[in-house]
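These are my notebook entries on a structure that I looked up.

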Protein chains: 2
Amino acid sequence: MPDGSKTTPGVYFALFNEIGIIAQLSRALFEARLPDGLLTPHFSVINHMVRLGDGKTPLDLARAFQVPKTTMTHSLSILEKHGFVRITKNPDDGRSKCVFLTDTGRAFREDAIRLLGPDLAAMASEIDAEDVVSLLPHLEAIRKYLDANRP
Amino acid sequence: MPDGSKTTPGVYFALFNEIGIIAQLSRALFEARLPDGLLTPHFSVINHMVRLGDGKTPLDLARAFQVPKTTMTHSLSILEKHGFVRITKNPDDGRSKCVFLTDTGRAFREDAIRLLGPDLAAMASEIDAEDVVSLLPHLEAIRKYLDANRP
DNA sequence: TGAAAGTAGTACGATATCGCACTAGATGGT
DNA sequence: ACCATCTAGTGCGATATCGTACTACTTTCA
C-alpha cells in the first residue's frame, strides 16, 4: 500500500506517469524531424494558427497552450526571428498585439508534417488508429478536468 | 485535409496534443503541492526508488525516466543537496555510482503523497478510476512503441 | 598483456520554462 | 473627469533540460 500501486490514488499516479513519459518521447520524436533550432512548441503554435486561424493575441495563445505568458512571448520571438509569424499592434487594444502567420510559417509547417509522415505511418502499423480514436474522448475529459481545476 | 484533423496522421497529432497538455497540467498540479524548490522530476525519482528499490546507478535511473544522463546527474545533485539520497561509489565498477534513499527522502515522498491525496480524491469523483484502469494498457502500448522506436 | 573501443559520469554552454515585478494602456465607479 | 483597479506584454533572474566534449574506468580482442 505505501507504494500506492494497488490503491485508487495509485491508478492516477500510473496514469500521469505513462502520460508524462509519452509526452516526453513523442516530443523527442517530433523534434528529431524538425529543422535545426526549431522545437515542438514552435511547431505547435504555427499548427494551432493554421488550424484555428491567426490574428489572435499572444495571451490567447498562451491560454490555448496552458503556458505562462512569458513563455509564449519567448516562443513568439523565436518564430518572428525565423520569419514564421508577423506581430502587429492590436488596433482594438493599445496594450495588446496580434500574431499573424506568414507564407514562410505555413511552408515550415507543411515541411514538418511531410517529414513526419513516415514516422506516423510506421506507428499506424503497430498502434491501431481506431484504438487511438477511442482513447481521445477519455483523454479529453481528463484534460478538461485538470484545466478546470488548476491551482 | 491540410489541417490533418480527419486524416490518419491527424489522429496521432490529436493524441500527442492531448497527452502533452495533460502532462503539463498534471505536472503543475503536482508541483503546487510539493515544498518550495522541489519539482515533479525530484519526486518521481524518489518515488521510483521506493517502488522498485534503490541502489541503482544514475544511468539506470536516466534510462528508466527516458532522460539524458546529464539531466539525471543534475536531478540527483538536487536530491543529494536536500539529503533525500546518498550517492556512493559502485564497488563493482569504478566508473559508476550507486544511489540510495535516505529516511529524509522517504519522508519527503510520504508527505508529498499525503498532500496530494485530496486532489486525487477530488479527481476520482469526476474521472472514474475504472476508466483510467482501462486506459492504461493502451497508453502503455503507445509508450512502449515510442520507446522502441526512438530516434 | 597491451591497445582499441566502449561506457559512466561530469563540466560547460545553449536554450526553454517560469515566477516576479514593472510599464503602458483599459476599465469601472464616483 | 479622476482615480483605483485590472489587464497585456516584457525584462530579468532562477532553474530545468539537453547536446557536446571530456575524463576515468572497463571490456574486448588480437
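Entry 1. Which residues come nearest to DNA strand D? I worked from a predicted model throughout. I listed 22 residues around DNA strand D, and the nearest are Thr57(A), Leu59(A), Thr73(A), Ser96(A) and Gly94(B). I then looked up the elements that give two or more residues to this surface: they are helix H3 (58-65) and H4 of chain A, together with H4 of chain B. H4(B) gives the most, with five residues. Sorted by class, the surface near DNA strand D has seven nonpolar, ten polar and five charged residues.

Entry 2. The largest share, five residues, comes from H4(A). The class count near DNA strand C is seven nonpolar, nine polar and five charged residues.

Entry 3. I turned to the contact between the two protein chains. How many residues does the contact take from chain B and from chain A? I recorded 49 residues from chain B and 49 residues from chain A. On the side of chain B that touches chain A, the elements giving two or more residues are helix H1 (8-33), helix H2 (40-52), helix H5 (103-124) and helix H6 (129-148) of chain B. H1(B) provides the largest share of that side, 19 residues. By class, the residues on that side of chain B divide into 31 nonpolar, nine polar and nine charged.

Entry 4. In soluble globular proteins, nonpolar side chains tend to be buried together. The largest nonpolar core in this model has 54 residues, and the members that touch the most others are Tyr12(A), Ile19(A), Ile22(A), Tyr12(B), Ile19(B), Ile22(B) and Ile46(B). H1(B) gives the most to this core, with eleven residues. I also found a second, separate core of 15 residues, which includes Phe30(A), Leu79(A), Val99(A) and Leu101(A).

Entry 5. Finally, I followed up one member of the largest core, Ile22(A). Which residues does Ile22(A) contact, leaving aside its neighbours within four places in sequence? I listed Ile19(B), Leu139(B), Ile142(B), Arg143(B) and Leu146(B).

Technical notes
Residues numbered from 1 in each chain as written. Chains lettered and ligands numbered in written order. Predicted model: local features only at pLDDT ≥ 70, side-chain atom pairs only at ≥ 80, totals over all residues. Helix = DSSP H or I, 4+ residues; strand = E, 2+ residues; numbered from the N terminus. Nonpolar A, V, L, I, M, F, W, Y, C, P; charged D, E, K, R; others polar. Contact = placed C-beta atoms within 7 Å. Core = buried A, V, L, I, M, F, W, Y, C linked by C-beta atoms within 7 Å. Buried ≥ 20, exposed ≤ 12 C-beta atoms within 10 Å, placed from the backbone. Near = placed C-beta within 6 Å.
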